[in-house]
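The following exercises concern a single protein chain. Work through each task before reading its solution.

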Amino acid sequence: MIESQFIEINKELHKAATEKGHPFRSATLGTVGLGSIARLRTVIIRGYSENEGITFFTDKRSKKVMHLKENPKASMLFYHPTKLLQLRIEGIANINNNHEELTKYWENMPKEAKKDYTTVEAPGTKVKNIDIEYLNESNNFCVITLIPYKIEYLKLSKPQHIKIQYTKDNGVWHSDYLVP
């Protein structure tokens, strides 16, 4: 396996989860539901572990959750403008239903961030004005983790770009150089 770039991938994804200003912190998530149309949106990376995957939060009533229930395969796109590094990651999304784990995440979240998961109406609902109503006691907090099975690493550099594909087979990562 091509080690140095794989180490860089893990290092940058870990930084995305722990450093608020890191370019990988905001990633593009792609899902496909029953409508067979790719849907893209930005998510904030909240956790990363090579063994456990990439974690982000959402409202459990969101379209992305509905899509992932219909088809758990998803992709994420990351770009680091300073390092000229792009990662495209494919994986299986797991919706966390463990009450104890959800409570732990919820309790560690800043109060102002909790508001995003306590709207009376579901995300994407049409409303007459921007005065949003909030729930007092309950929430619609959801944690999703993408477990990668394919990673494409693209480093834009001179005299030649570097592109590597990592694929996971039976728990073991393998790599191949690709034409950029």
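**Exercise 1.** Which residues form one aromatic cluster with Phe57? Treat the model as predicted throughout.

*Solution.* The cluster consists of Phe57, Tyr105, Trp106, Tyr117 and Phe141.

**Exercise 2.** Classify the pair of Phe57 and Tyr105 from the ring geometry.

*Solution.* Ring centres must lie within 6.5 Å for a pair, and planes over 60 degrees apart count as edge-to-face. The centres of Phe57 and Tyr105 are 5.4 Å apart and their planes stand at 70°, so this pair is edge-to-face. Phe57 belongs to strand β3 (residues 53-59) and Tyr105 to helix α3 (residues 99-107), 48 residues apart, and the pair thus links distant parts of the chain.

**Exercise 3.** Is each of Phe57 and Tyr105 buried or partly exposed?

*Solution.* Buried means under 20% relative accessible area. Phe57 has 14%, so Phe57 is buried. Tyr105 has 31% relative accessibility and therefore counts as partly exposed.

**Exercise 4.** Describe the pair of Phe57 and Phe141.

*Solution.* The centre-to-centre distance is 4.9 Å and the angle between the planes is 70°, an edge-to-face arrangement. Phe57 in strand β3 and Phe141 in strand β6 are 84 residues apart. Both Phe57 and Phe141 are buried.

**Exercise 5.** Trace the strand pairing from β6 to β7 and from β7 to β8.

*Solution.* Strands β6 (residues 141-155) and β7 (residues 162-169) run antiparallel and are joined by 6 bridges; the hairpin between β6 and β7 has 6 residues. Ile151 stands opposite Tyr166 of β7. Next, β7 pairs with strand β8 (residues 172-178) in the antiparallel sense over 7 bridges, and Thr167 has His174 in β8 as its bridge partner. In this second hairpin, with 2 residues between the strands, Asn170 takes a positive phi near 55°.

Note on methods: Residues are numbered from 1 along each chain as its sequence is written. This is a predicted model: local features need pLDDT of at least 70, side-chain atom pairs count only at pLDDT 80 or more; totals for chains, interfaces and linings use all residues. Side-chain values use heavy atoms; hydrogens and water are left out. Two strands pair if DSSP finds at least two bridges between them. Helices (H or I, at least four residues) and strands (E, at least two) are DSSP runs, numbered from the N terminus. Rings of Phe, Tyr and Trp (its six-membered ring) pair if their centres lie within 6.5 Å; planes under 30 degrees apart count as stacked, over 60 as edge-to-face and the rest as tilted. Buried means under 20% relative accessible area, exposed over 50%, partly exposed in between (1.4 Å probe, protein chains only).
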